[in-house]
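The sequence and the model come first.

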Amino acid sequence: MSTTQSLDLRRVQLIRKAVLLIGILAVIALAAISQSLGGETELHEGLETVGIAAIVVCIVGRAWCSLYIGGRKKAEIVDRGPYSLSRNPLYVFSFLGAFGMGAQTGSLTIAALFVLIAVLVFAATVKREEAWLSEAFGPNYAAYVARTPRFWPDFTKWRDREVIEVRPRFFLTTLRDGLVMLIAFPLFEGVEHFQHIGWIRVLLNLP
């Protein structure tokens, strides 16, 4: 991949992060003026619990993916481990984490909006990345695309290798980025508290 392509890819990734942040802040603002129908019900609490589990799976899954892809994305086609099941497993785990973050509100609507934003942003990013990878790796990448789903994993495709070279810096960066998702728990608990004491006015009830 050329230097120009590398810079363009970095630019796309920065734009992706900015758009994702803006979208998430917008949904957080919506969550602040709304509450789940029925308030503190078993469904509400159960959804929050499922959400925490989803975030944990996301953090572990993203870290697992980084062991294979960290520092190699622009240099080679990674098609082992999670990348033998899906071309974008790191993003798939991110979708799960997005659901988990939204679920901390106790509202399925907010959880779905978090996932929708993540899917739209990552889908747009993936199309640009695929174009660059196709140009950089040609027939080898085309063969990988032909046998491996873009997102939804195909577990019959599993392939791995005995030894992989791990680059700690990329692993730790991915782990750190994933752990940030856990802030959703105290954030939305705080929002609920301020709603209960009347500091934040509830304008909407959402399922």
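How many salt bridges does the structure hold? The structure holds seven, a salt bridge being a side-chain nitrogen of Lys or Arg within 4 Å of a carboxyl oxygen of Asp or Glu. This is a predicted model, in which local features need pLDDT of at least 70 and side-chain atom pairs count only at pLDDT 80 or more, while totals for chains, interfaces and linings use all residues. Residues are numbered from 1 along each chain as its sequence is written, and side-chain values use heavy atoms, without hydrogens and water.

**Salt bridges**

- Arginine 147 pairs with aspartate 79, with the closest N and O atoms 2.7 Å apart.
- That pair links distant parts of the chain, 68 residues apart: arginine 147 is in helix α5 (residues 139–147) and aspartate 79 in the loop between α2 (42–69) and α3 (89–103); helices are DSSP runs (H or I, at least four residues), numbered from the N terminus.
- Asp79, Arg80, Arg147 and Arg159 are linked in a network of salt bridges.
- Arginine 87 and glutamate 130 form a salt bridge at 2.6 Å, N to O.
- Arginine 87 and glutamate 130 are both buried (under 20% relative accessible area; exposed is over 50%, partly exposed in between; 1.4 Å probe, protein chains only).

**Helix α7**

- Helix α7 (residues 184–196) has 13 residues and spans 18 Å from its first C-alpha to its last.
- Ala184, Phe188, Val191, Glu192 and Gln195 are buried in α7.
- They lie on the same side of α7, because they cover an arc of only 95° around the axis, taken from the directions from the helix axis to the C-beta atoms.
- Glycine 198, with a positive phi near 90°, follows α7.

Methods: Helices (H or I, at least four residues) and strands (E, at least two) are DSSP runs, numbered from the N terminus. The expected span of a helix is 1.5 Å times one less than its number of residues.
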